[in-house]
Amino acid sequence: MDIFTQQLINGLVLGSIYALVALGYTMVYGILELINFAHGEVTMIGAMVALTVIGVVMGAAPDLPGLMMVAAGLLVAIPACMALAFGIEKVAYRPLRRAPRLAPLITAIGVSIILQNLAMLVWGRQYISFPPILPHNQHEFLGAHITDLQIFIVLISLLTMAILVLLVEKTRLGRAMRATAQSKEVAELMGVNVDRVISATFVIGAAIAAVAGVMVSAYYGLAHYYMGFMLGLKAFSAAVLGGIGNIAGAMLGGLLLGVIEALGAGYIGDLTGGFLGSHYQDVFAFFVLILVLVFRPSGLLGERVAHRA
Amino acid sequence: MSIPRRFSSVHAWFQARPTFALVMLAISLMALPFLVGGGLGNSWVRVLDFVLLYMLMALGLNIVVGYAGLLDLGYIAFYAIGAYVYAWLASPHFGLHLPFWMVLPIGAAIAGVFGVLLGAPTLRLRGDYLAIVTLGFGEIIRIFMNNLNAPFNLTNGPQGINLIDPIGIGGFSFGKPFVLFGQTWPPTYLYYYLFLAFTLLFIVIAMRLQDSRVGRAWAAVREDEVAAAAMGINTRNVKLLAFAMGATFGGLAGGLFSAFQGFISPESFTLWESILVLCMIVLGGMGNIPGVILGAILLTVIPEALRYLGDMQRAAFGQVIVDPADLRMLLFGFALVAMMLFRPAGLLPSRVRKREFAARDGAREQEQSDLYDARA
Amino acid sequence: MAANAVTLLRVVGVSKRFGGLAALDAVSLEVRVGEIYGLIGPNGAGKTTLFNCMTGLYDLSSGEVHLDDEPVHGLKPHQIALRGFARTFQNIRLFPNMTALENVMVGRHPRTHAGVIGAVLRDRRTRAEERAIRERAHALMDYVGLGGRSRYLAGHLSYGDQRRLEIARALATEPRLLALDEPVAGMNPSERRQMADLFLKLREGGTTLLLIEHDVKLVMGLCDRVAVLEYGRKIAEGTPEVVQRDPAVIAAYLGGEQG
């Protein structure tokens with residue numbers, strides 16, 4: 001088996017999930033210059049809600065095809081995350097929009113802690129397993145394996161991204177979002193309801209995060225109240241890698257980060273003569289982040305941020 | 001002004017007699033462990049020690065966050081570096097047993113060097129990028145601590161390092177019980193006085209730094225970086241200095257922790273510890289030393305007190321419904337959000353920060369300024 | 001003055017492009033020791049951009065800036081301040097939550113030395129330096145007419161006082177050349193007159209002034225020489241009398257303003 005191709009495939013699959021989460025960070029940062037720290041937790045909540053729904057559906061209609069069950073989970077998780085993000089923005093961020101920049105960042109951390117611990121109280125400390133309801137057939141592909149699940153994840157991610165791009169490029173709301181990201185003040189003068197656009201940005205990001213949460217727990221077969229933290233950090237790194245505020249950048253950054261991580265984990269043992277092993281996988285994202293910030297702070301595709309006057 | 005009226009006359013009385021107040025304060029601080037130990041039990045003296053350790057950390061982080069306005073979310077990494085350096089140089093792990101007066105400064109210096117290494121490339125970036133990079137750095141350090149037991153056993157992995165030497169001067173060890181008034185007291189009492197001495201030292205250093213050329217440069221950078229540069233301040237160096245100072249403080253506190261605990265493992269150095277220390281600063285009042293002290297006290301003591309929630313639940317419902325440890329973090333989260341929303345300048349705001357956070361409402365601000373002018 | 005004219009600041013062919021937009025197009029000018037040099041031009045002519053280019057806030061697209069025949073282009077803002085070139089900002093940039101006095105004390109930074117060790121130990125030299133900083137700051141506050149305002153927070157001073165404070169803060173860096181970006185904007189006539197007196201006093205004290213101003217009457221009455229910018233280009237330079245009669249200037253600026 002070709003390790004390189006295999007790790008490349010694994011990386012692209014995981015990277016497509018990072019890309020989804022990164023979109024949420026990048027859209028919010030583009031408009032508010034706020035690192036929505038709680039975004040990783042919203043992703044986690046999406047996974048938890050979907051898993052709960054899937055559990056209920058499995059109990060009620062065990063003969064339903066797996067894809068339908070996942071669809072049911074998504075159908076509940078997406079609006080739940082949207083409502084959550086709407087509430088978070090309204091309660092924790094909006095009142096602080098004119099406050100010093102440290103303030104909303106600190107509430108964001110606070111919200112993140114709250115969500116994590118609420119999830120722990122509701123769903124417990126243990127890992128929750130994702131039932132094996134999705135097909136897991138393996139296919140030979142360029143000398144490596146790819147599973148149905150992996151194909152499914154990539155397809156759903158691509159579909160989600162396509163919908164988002166259409167939304168941003170072709171709709172009135174999308175135009176308002178782009179205008180607001182250029183300049184809040186000017187957008188406001190042009191009759192854009194900036195508050196609503198900001199709410200919408202959070203809500204759309206959360207919907208995508210819900211999808212990502214379900215995908216990631218399906219991929220690993222697990223969900224855990226702590227899963228949002230690392231995922232969020234990596235996704236943010238991906239957003240910075242691609243150029244924060246830049247939607248195409250987030251997608252590219254996510255895919256790249258996934259690939260770097262997978263290849264890194266696959267080869268780190270060889271590269272360091274066995275000194276470091278694959279359990280350093282989580283470190284790569286940060287090294288990438290630091291390197292990008294040092295050598296190309298505006299990211300691969302350039303940042304697009306509405307700077308405060 | 002922040003002192004409630006019924007206390008203000010007491011406050012004024014003490015203010016008029018500074019020497020007396022100082023002597024009273026000194027006596028209470030000296031007697032505190034005996035009062036606490038006698039009243040609440042020896043485990044609370046240990047809590048007292050931790051209050052002081054957290055105070056050390058918070059004072060260090062306050063230089064970075066409060067003075068220079070840089071958000072460091074990976075502060076615990078420097079604490080961890082200090083702790084591990086101490087463990088390497090004074091435990092059976094490598095068979096080294098250097099004296100503490102060598103090990104503590106080495107640990108602090110290495111933490112400071114890491115601060116520079118991390119800060120140099122990142123400090124020219126926007127502030128919230130720094131937050132994320134420091135956060136990532138904290139995680140990297142923890143992951144390394146967790147995994148550097150093979151192929152060469154540097155950290156002993158998740159098990160951590162054991163049997164770390166206590167602090168000792170000559171033949172006298174802080175790690176052994178001692179006899180006083182015909183009674184034997186556990187080491188937690190001795191460490192209290194040691195930590196108290198360090199805390200007082202840190203407070204003096206922090207206050208002197210704040211009121212100095214360097215402190216003004218930090219404040220200027222925090223207030224307006226462009227204007228600071230136009231005034232001839234090398235903003236990058238000044239920020240780097242704050243970062244390195246904070247890291248050094250953190251490294252020193254980590255070394256003390258290592259010696260006090262006698263055992264360290266990566267579990268003690270999670271992100272939430274960084275957040276906890278940050279919360280202390282925010283809760284108490286950023287940039288303001290009394291606020292930082294108050295924050296450290298509250299956030300160390302309250303979680304300990306919350307342990308009784310378990311007993312209360314048992315008494316009320318016959319069982320523990322919600323693990324108090326779980327509730328603890330949840331309450332932190334709510335406290336953070338509520339603080340930022342309702343009292344963003346902290347419980348004991350510094351004059352400066354109070355105005356910075358209140359600067360939203362012009363009319364109210366003018367009122368405050370009149371008040372201030374009237375006082376001045 | 002013109003007889004022994006020594007050049008203090010020499011700007012040679014400075015251009016600045018933002019994307020495709022040329023904000024400055026090959027601007028050259030010379031400021032001589034001891035003069036008050038005015039820089040005027042309609043809004044958006046590039047005056048503040050030129051300031052930012054000279055003081056290191058922007059990188060130049062091309063061109064050179066020399067202070068005392070030493071190149072300063074490519075230096076960082078703090079290095080330029082250290083060389084004796086201080087400035088104020090069009091949209092006042094004080095340290096709002098520090099007291100007025102502390103603001104001025106910050107200005108002493110490049111001329112003082114105490115570091116962390118001095119700050120912690122408070123040795124004799126550090127204490128002496130600190131005392132000198134404070135005294136100098138007080139003196140400068142008096143000099144610009146803010147004597148009683150030391151303990152106010154800078155952000156709470158009146159608009160005119162904030163402008164004065166910015167000047168005091170810049171003076172604390174001991175500049176040979178002081179660049180003022182619209183220092184009398186938003187002031188009433190009597191305040192403007194006071195400021196003009198302050199500028200004359202500064203020049204007498206040996207500070208060379210570079211002034212961006214919209215108030216043409218003030219510029220013409222005060223400045224030894226004037227340059228006019230329009231669309232990023234210098235269209236005229238000379239004594240106020242000469243510039244005032246320049247047809248290009250009348251067309252571009254004075255004409256526009258007078259109707």
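Guide: Two residues are in contact if their C-beta atoms, placed from the backbone, lie within 7 Å. This is a predicted model, in which local features need pLDDT of at least 70, side-chain atom pairs count only at pLDDT 80 or more, and totals for chains, interfaces and linings use all residues. Residues are numbered from 1 along each chain as its sequence is written, and chains are lettered from A and ligands numbered from 1 in the order in which they are written.

Visitor: How many helices and strands has chain C?

Guide: Helices (H or I, at least four residues) and strands (E, at least two) are DSSP runs, numbered from the N terminus. Chain C has 10 of the former and 10 of the latter. The C-alpha trace of chain C spans about 65 × 40 × 40 Å along its principal axes.

Visitor: What share of chain C is buried?

Guide: A residue is buried if 20 or more other C-beta atoms lie within 10 Å of its own. Of the 259 residues in chain C, 46% are buried.

Visitor: How many residues of chain B are in contact with chain A?

Guide: Chain B brings 34 residues into contact with 36 residues of chain A. On the side of chain B that touches chain A, α6(B) gives the largest share, 12 residues.

Visitor: Which elements of chain C give two or more residues to the side that touches chain B?

Guide: The contact takes 33 residues from chain C and 32 from chain B. On the chain C side, these elements are α2 (77-82), α3 (100-107) and α4 (116-121).

Definitions and conventions. A residue is buried if 20 or more other C-beta atoms lie within 10 Å of its own, exposed if 12 or fewer, and partly exposed in between; C-beta atoms are placed from the backbone.
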